[in-house]
Amino acid sequence: HNQKLIKVFIKQAQIRNLPLVSSDPTPIKSILIGDNKSALLIQKKMLEKGFFISCIRPPTVPKNASRIRITLNCRHTEKQIIN
């Protein structure tokens, strides 16, 4: 089930032109955002909608390479990913 969700997530990211850091079939997916302010704003908006995502910023990643990290698990549904 988890591998199927990972494939759905990768496909949906590609359809939406989301810049995934990696297309490896792992449940931890990172979307490159760039600047810290945008990454923090996206994290805030997603948290408000009930989605727990991490915001990864320098010095953990290089300058202008901030990203959000999403961890897929068996409790997620295809519908959640697609919507």
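**Exercise 1. Determine what radius of gyration a compact globule with 83 residues would have, and how the protein compares.**

Step 1. The radius of gyration is taken over C-alpha atoms, and the globule rule is 2.2 Å times the number of residues to the power 0.38.
Step 2. With 83 residues, the rule gives a value near 12 Å; the protein has 13 Å, which therefore agrees with a compact globule.
Step 3. Along the principal axes, the C-alpha atoms fill a box of roughly 35 × 25 × 20 Å.

The model is predicted: local features need pLDDT of at least 70, side-chain atom pairs count only at pLDDT 80 or more, and totals for chains, interfaces and linings use all residues. Residues are numbered from 1 along each chain as its sequence is written, and side-chain values use heavy atoms, without hydrogens and water.

**Exercise 2. State which elements the protein contains and in what order they run.**

Step 1. Helices (H or I, at least four residues) and strands (E, at least two) are DSSP runs, numbered from the N terminus.
Step 2. The protein has 3 helices and 3 strands.
Step 3. From the N terminus on, the order is α-β-α-β-β-α.

**Exercise 3. Describe the sheet and its strand order.**

Step 1. Two strands pair if DSSP finds at least two bridges between them.
Step 2. The 3 strands form an open sheet in the order S1-S3-S2, with antiparallel pairing.
Step 3. Strand S1 (28–34) and strand S2 (54–56) are the edge strands, each pairing on one side only.
Step 4. S2 and strand S3 (residues 66–71) are joined by 3 bridges in the antiparallel sense; Ser 54 has Arg 69 in S3 as its bridge partner.
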